[in-house]
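Subject: Structure for your files

Hello,

Here is the structure I said I would pass on. My notes follow below it.

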Amino acid sequence: MKTTICLPTYNEAENLERMIRALEPVGARVLVIDDNSPDGTGEIADRLAAELDWVDVLHRERKEGLGPAYLAGFRRALADGAELIVEMDCDFSHDPAAVPRLIAAAEAGADLVLGSRYVEGGSVSDDWGIVRRAVSAGGSLYARLLLGVPVRDLTGGFKCFRRAVLEAIDLGEVHAKGYAFQIELTYRARRKGFRVVEVPIRFVDRTHGGSKMSRAIVLEAIWKVPLLRLRALAGRL
């Protein structure tokens, strides 16, 4: 199946080329979505796209958050005819060597494949701080209980979608930017009746560049999750 990997970037100059080289064995197209990074990430992406015919770049005018960047990437990938769309981070917290396992699960029949830290065989590295662990695991538990979905890792951002999932979801109605974006996409997919499968992964903390996590991202998830539930109960999802 024609596969596109959506790779959003903001100040990932230290990671981008290493990630692109690491993804080459996957045999997929890579779409770099750069939010006008001031550190030159966009220029590195352009150089790689000129060298490698399987790399494309989507330049955005400003940083608006992870959710809007992914939505722009999804729309481009769908327009280009991708049958499978992978989303992942550029900072190596998501292992590029795990991408084929997500693709294989989709090719075997899953509609949405989640790279999961919280199923059997999944894990996070020891160097991930206790606060981040608590926020991530607690956020997944919070969303799982409020939304009533049997998914262990709702906040993770390592996923593979069949194009039918993204076509069925009204992407114009998705406005979340951080953790809530990941929760919302999975919830909407399940509400549409798509088959969601979790594949165990190991998550490691970045070693280059700065984290994009913020208090605003956490707060967004806190209020967005119950709103999703209310909208579902009202038949608006």
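Which residues in α5 meet which residues in α7? R132, V135, S136, A143 and L147 of α5 meet Y179, I183 and Y187 of α7, where contact means heavy atoms within 4.5 Å. By class, this contact has 6 nonpolar, 1 polar and 1 charged residues. Ala, Val, Leu, Ile, Met, Phe, Trp, Tyr, Cys and Pro count as nonpolar, Asp, Glu, Lys and Arg as charged, and the others, Gly among them, as polar.

Some ground rules before the rest. This is a predicted model, in which local features need pLDDT of at least 70 and side-chain atom pairs count only at pLDDT 80 or more, while totals for chains, interfaces and linings use all residues. Residues are numbered from 1 along each chain as its sequence is written, and side-chain values use heavy atoms, with hydrogens and water left out. Helices (H or I, at least four residues) and strands (E, at least two) are DSSP runs numbered from the N terminus.

Helix pairs

α5 and α7 pack at an angle of about 35°, with their axes 11 Å apart. Axes are lines fitted to C-alpha atoms, for helices over the stretch in contact, and angles run from 0 to 180 degrees between N-to-C directions.

For α1 (residues 16-23) and α2 (residues 41-51), the axes come within 10 Å and cross at roughly 30°. That makes α1 roughly parallel to α2 (angles under 35 degrees count as roughly parallel, over 145 as roughly antiparallel, 65 to 115 as roughly perpendicular and the rest as oblique). This crossing of α1 and α2 is right-handed. On the α1 side the contact involves L16, E17, I20 and R21, which meet T41, I44, A45, R47, L48 and E51 in α2. Its classes are 5 nonpolar, 1 polar and 4 charged residues.

Cores

The largest nonpolar core has 41 residues, and C6, F74, I85, L147 and F181 have the most contacts inside it. A nonpolar core is a set of buried Ala, Val, Leu, Ile, Met, Phe, Trp, Tyr and Cys residues joined through side-chain atoms within 4.5 Å. Buried means under 20% relative accessible area, exposed over 50%, and partly exposed in between (1.4 Å probe, protein chains only). Elements that each supply at least two residues of this core include β2, α3 (66-79), α5 (130-147) and α7 (179-191). Apart from it lies another core, of 33 residues, among them V26, L52, I103 and I201.

Single residues

T4 lies in strand β1 (residues 3-9) and is buried, at 6% relative accessible area. Beyond four places in sequence, T4 touches R29, L31, A77, A82, L84, I85 and V86.

D35 is in the loop between β2 (29-34) and α2, and counts as buried at 4% relative accessibility. D35 and P8 are 27 residues apart in sequence but 7.8 Å apart in space, C-alpha to C-alpha.

Two residues other than glycine have positive phi: N11, near 55°, and F92, about 70°. N11 lies in the loop between β1 and α1 and counts as partly exposed at 27% relative accessibility. F92 is in the loop between β4 (84-87) and α4 (99-107).

Regards

Methods. A crossing is left-handed if the near helix is turned anticlockwise from the far one by less than a right angle, and right-handed if clockwise.
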